Every structure is written in structure tokens, then in C-alpha cells.
Amino acid sequence: MSDLYRLLPDELDALVVEMGQPRFRADQVLRALYHESPAAVDDLRQLPALARQELKDRSWQLGAAVEVRRVASDDGQTTKLLLRMSDGILVETVLMQYPEEDGQPRSTVCVSTQAGCAMGCVFCATGQMGFERNLKAEEIIAQVIHVARMLRSRGEHVTNVVFMGMGEPLANYSETVRSLRLLTHPRAFGLGQRHITVSTVGLIHAIDRLAGEGLQVGLAISLHAPNDALRQRLVPTAGPHSVGDLLSAAKRYFRKTGRRVTFEYALIAGENDAPETARELAALLHGSGAHVNLIPVNPTAGGFRRPPRQRVLAFERILREGGVNCTVRVEKGSEISAACGQLRTDERRAEDDDAMTLPVVPVHGRRQSGSSPEPSPLR
Ligand code: SAH
Ligand code: SF4
């Protein structure tokens, strides 16, 4: 089976023309796919019945993500979704909403690009799960479409997409780039490039490749440490010169795309939150124009803890005084779940408890240990 949501507009043009239909039919189908809520090829009423039949005969379908679980924060601003793809794999998608002055909230969808992740960052629930598989572009798109439908029913729409869910987007390079093109193409989802951010653990070659794609999406690099020894401890897959290499790659990305790179820094008590570490980071980034996003870490099974508030603020102050632009990520949805990967892990645990009532999902990765997950903020 092939999914119509995989096709870029020119590929859909080619398909309708090959089927002997006029090209404008492609525009009609795209409008339906991205602005209505067709559940199946039969719902594409813009097409003559014969054309719909031919699409089905050629095994085209509309893939969809099935919602398995939805958890909303008390203030209703953060919603975590557990979505099931056609082969049963489960992924997390998060909707974060921020009130805006014009009445329409900013609605940011955080998408997953892989089920699990092979990078093994020690403080990340997804990393501790291990790698299951890459998501296809249409499965990344399905997450945004699912949320867009949810929002449409209440007169709202998706305003931003961040690639910060489960997985390493640049380790699934071609599907990630295809999904970026689908999201930003004016004839497809049509989101502004500047409303999208891709977050990477720092795959240098892929960052350079992305810079050359002619896209203008924002890039966030997960740095977490000002020196290689510390970084390698937190990100075991980081290369021996990763810090210097990442700064150079960020500069090249900026030169090529005009987009400044944000550095993400998960603050972990007793690991990378000392004042001298802040000074080292400030010295490293001083004068680079870099922006640092400090993320007090969400506790996961590895025993990592967020620093006390005072220590987070002290870290921030040292960076600012050292001339480095920086923000502390606002905690959202603290009561509904912890870091990415946790909702999914919860589902597995519940499944073990009651195999009759919950979906059976293949999981090959390592599971988190510990009995009950600690409630903590989304990252
Ligand atoms: N793989 C990519 C994108 C997904 S992770 C990356 O690593 O950038 C998105 C962000 O969440 C990263 O900055 C990551 O370091 C951070 N993160 C992972 N686990 C976290 C946790 N337990 N608490 C806070 N942030 C976390
Ligand atoms: Fe993978 Fe990102 Fe988690 Fe690291 S932080 S394990 S790269 S998802």
C-alpha cells in the first residue's frame, strides 16, 4: 500500500496525469488532503468515481494515525497524544498551546521522527528505550494532520511544528527532509519555513546537508556541555571533537540559510549545572551570537534530576553576564507526564498489567526500570 500523504505536489501531478486526469485534479486532491479530513480514498469526492477506483486498484490509500491515548495538562495548554501507525508501532506527539493577543493561540506540534532512538543520551527516556524503526515521511505528516484535525474542530490551526519528539531527525534524513517539504509546500500543508524547527543531537554531516537543501527551517543543536569529556558522558554517541565541530557546523548553517542556530542545554543536577561550567559555556559562546535554551531536565529512570531553581537561575545569570543570549524553557504540562518516551513507556507497562484491554505493540528496545514514573514537566 502507498500513502497519498507521502506525495509531493509535483509527484501527485504526475500521478493524476498518468491516470488520464486533468492536472487541476491534483490541486483538488491536495486541498482535500490538507484542508479537509478525508478518512479514505473514497472521501476524495473531487475525483470522479472511476479515478477513485483506479487509485484503490493501484493500492493508494490515506494512511492515518490512530489515537490510542490522550492526556491533557490541567491548564489544557499541553496535550500529549499516543498515536499508533499502521504496523502497530506507537509514537508520541505533543501539542503545546500559548495564548496570543489576537485570540488565536500559538499551537505548536512536537513530532516524532523515529520510534525509539539509537543515540542513547543518558538522561533521555527515548534514548533509554533503544531504537525500533525510522518513521516514514507520511507518518511524520500524519502526526501534524491528526493535530490539525483536532484543532480545526474548534476553529484553530497549527501555527508551528518542532521536530523534538521521539528520535533523531537527522538520523532519518531523507524522510525528515521529505516531511519538511510537505509541511512547507504552499500546495501541501503550507506552513512558513520559519515556523518549523528541527532539533538534532548534532550529526555534523547531516547538518551541512540540511543547510544545502534550500530550506529555511530553524535548527536547534542539543549541546548539553561546554567540553568534549562532559558531552561524551551525557551523549555517548558524540564524537571526540563534537563541541568544536558543532560550533563550526552551526556557523556554516547560519551562513548558508541566514537562520541562527539555538543551542539546547539540558540542565542536570550535579552533572553540567556548576557555575564554572556556566562560565566555560559563556566563554565558548561569547561573541558567537548564539542563543542558548536551558532545559531543566525531566527526571527519567537514569536517576538524573533537575537542579534547584536557584541554581538554574544562577546558571542563566552567568551566561547573560558573559554576553550569551539565553532563556530557560518554560515548564509546561508538568502533571501529565515526563520526558518524551515516557507516555509510551507507561502504555507498555499498563499493557503488561492488562493485556486484554490494550493494544499489543512490538517493543524491541530496552524498557525503563522503576515502578511508577515520576510526574514531571514536558521538556
Ligand atoms: N534527537 C533530537 C530531537 C529530540 S530530543 C535531539 O536530541 O535534539 C529534543 C530535546 O529534548 C533535546 O534537546 C534533548 O536533549 C531534550 N531532552 C531529552 N531528554 C530530556 C529530559 N529528560 N529532560 C529534558 N530535556 C530532554
Ligand atoms: Fe535521541 Fe534526542 Fe533522546 Fe538523544 S535526546 S536519545 S538524540 S531523542
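So, what does His224 touch? Leaving aside neighbours within four places in sequence, His224 is in contact (heavy atoms within 4.5 Å) with Phe123, Leu234, Val235, Glu264, Tyr265, Ala266 and Asn272. Quick caveat: this is a predicted model, where local features need pLDDT of at least 70, side-chain atom pairs count only at pLDDT 80 or more, and totals for chains, interfaces and linings use all residues. Residues are numbered from 1 along each chain as its sequence is written, chains are lettered from A and ligands numbered from 1 in the order in which they are written, and side-chain values use heavy atoms, with hydrogens and water left out.

Back to His224: you'll find this residue in the loop between strand S11 (218-222) and helix H8 (228-234); helices (H or I, at least four residues) and strands (E, at least two) are DSSP runs, numbered from the N terminus. His224 is buried, at 5% relative accessible area; buried means under 20%, exposed over 50%, with a 1.4 Å probe and protein chains only. The His224 side chain also reaches the backbone nitrogen of Ala266, at 3.0 Å.

Okay, on to H11, residues 309-321. Which of its residues are buried? Val312, Phe315, Glu316, Ile318 and Leu319. They cover an arc of only 160° around the axis, so they sit on the same side of H11; that arc is taken from the directions from the helix axis to the C-beta atoms. This buried set packs against strands S12 (261-267), S13 (291-296) and S14 (325-328), plus helix H10 (275-285). Turned away from the buried side, we've got exposed Gln310 and Glu321. And after H11 comes Gly323, with a positive phi near 85°.

Definitions and conventions
A polar contact is a pair of N or O atoms within 3.5 Å; within protein, one must be able to donate a hydrogen and the other to accept it, and residues adjacent in sequence count only if both atoms are side-chain atoms.
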